[in-house]
Amino acid sequence: MKRVLLIEAMGSAEDLLDAGRDLGVRMVVATHPEIYDSYAPAVREKIPEVVFTDFSDPAKALDDLTEYARTEGVDAVVGCWEFLTPTAARLAARLGLPGNDPERADGCRNKRIMAGLFEEHGVPAPVTILAQDHGQAAARLAAGGLRYPVVVKPAEQAGSWGVSVIQGEDELADAFAAAQAWPYESPHGFPLDTTVLVQEYVDGVEYSVESVVFEGRVSPLTVVQKFTTDGVFRAETGQTVPAALGEDDTATLFETTVAAVRALGITNGVAHTELKLLPGGGAKIIEVGARLPGDRVPELIRLARGIDEARAFIQVALGIEPDLTPRAERAAAIRFFVPPRAGRFRSIDGVVRSPQVHRIAVYPEPDDEVRGPGDNDGRVGYVMLTAATPEKVNTAADAAIAKLTIEVE
């Protein structure tokens, strides 16, 4: 039986564990004992084998896992948790297994390095200024002629944590405080780059493109429409697969995605690319991750297109070219439940059920403490839907949450 080493069972790990089981391979999860104990019981039940290391020391963890793989035998390495995708690339390279370019792997995680690679390779992306504090940023903004509004974001974070859209210099100090509020990764605790990116605000509708890459050939699977909050903090409130776009716009997004993925050295794996379609034509890349998408998008793709991206990811890691032929022509959507403020959760009411509703989920129990809006960790549940077309599933999604009420004390 083939053995696949999964670097941390977080993010879209359940999709990968399920795909590994269906492929008949043995999934071995690399994690820390305390983090393993924090996994949901449903996740632990899907893990046939575990190897423990301490990712708070990335270099030692890489050595530990190299020794384990050479001693026990590993046929593939798959990165799941975004913060550890560079570790997965370096481990695969050490073992001579399919993976991404280890020299550029940090660019798939660190947005400062990512911006430099985009500039080096001519990938269309927002104008970016780097700074360590808001005073330095104000001076560089003035010198560079970058006008407000601007986006302020940390070099290394995820889930929209610390990302602000600000309208003037008087908001810059607070934006920097938010961007630098997490100097360490959670839950492993290794230090993060505290550089802050100040970027031009790109007008246009935001999408993501999900791709599978085999031996350097990038295969975009579909365009996903993203729904986000407005205001200073931008959290994602929903996704629809596929986006309701024409062939020309889809081709533009695919072409821009391929250029970005190649610039980052993603050669064997998957890529989650966020980008905006510009009102005057063309597109600009916001960021790319060398991982499966979150927000249950892999399930949406299975429902809408009949393609299992997690299965394809494992096959690529094993050196097997996956079959990416669509086996469905439908649409699927998810809309998240976000409380109006932080506090003690009481209830969710008003979700309208219809034949299009595939599943409804609520995360917290009554009296649980919940976060407020502002980033993707503020969610308390979701409704997932399917329909014949993107337009129909979006209409059904709007109706499902039109009377939604979330009580928080």
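## Exercises: a pocket and its aromatic neighbours

Helix 4 (58–72) and helix 5 (85–95) each supply at least two residues of the lining of the second largest pocket. Helices here are DSSP runs of H or I with at least four residues, and strands are runs of E with at least two, numbered from the N terminus. The model is predicted, with local features needing pLDDT of at least 70 and side-chain atom pairs pLDDT 80 or more, while totals for chains, interfaces and linings use all residues. Residues are numbered from 1 along each chain as its sequence is written, and side-chain values use heavy atoms, without hydrogens and water.

**Exercise 1.** Find which helix gives the largest share of the lining of the second largest pocket.

*Solution.* Step one: look at helix 5, which supplies the largest share, 3 residues. Step two: sort the lining into 9 nonpolar, 2 polar and 4 charged residues (nonpolar: Ala, Val, Leu, Ile, Met, Phe, Trp, Tyr, Cys and Pro; charged: Asp, Glu, Lys and Arg; polar: the others, Gly among them).

**Exercise 2.** Decide whether W81 and F83 are stacked, tilted or edge-to-face.

*Solution.* Step one: rings of Phe, Tyr and Trp (its six-membered ring) pair if their centres lie within 6.5 Å; planes under 30 degrees apart are stacked, over 60 edge-to-face, the rest tilted. Step two: the W81 and F83 centres are 5.3 Å apart with 45° between the planes, a tilted pair. Step three: check burial, where buried means under 20% relative accessible area, exposed over 50% and partly exposed in between (1.4 Å probe, protein chains only). W81 is buried at 17%, and F83 is buried at 7%.
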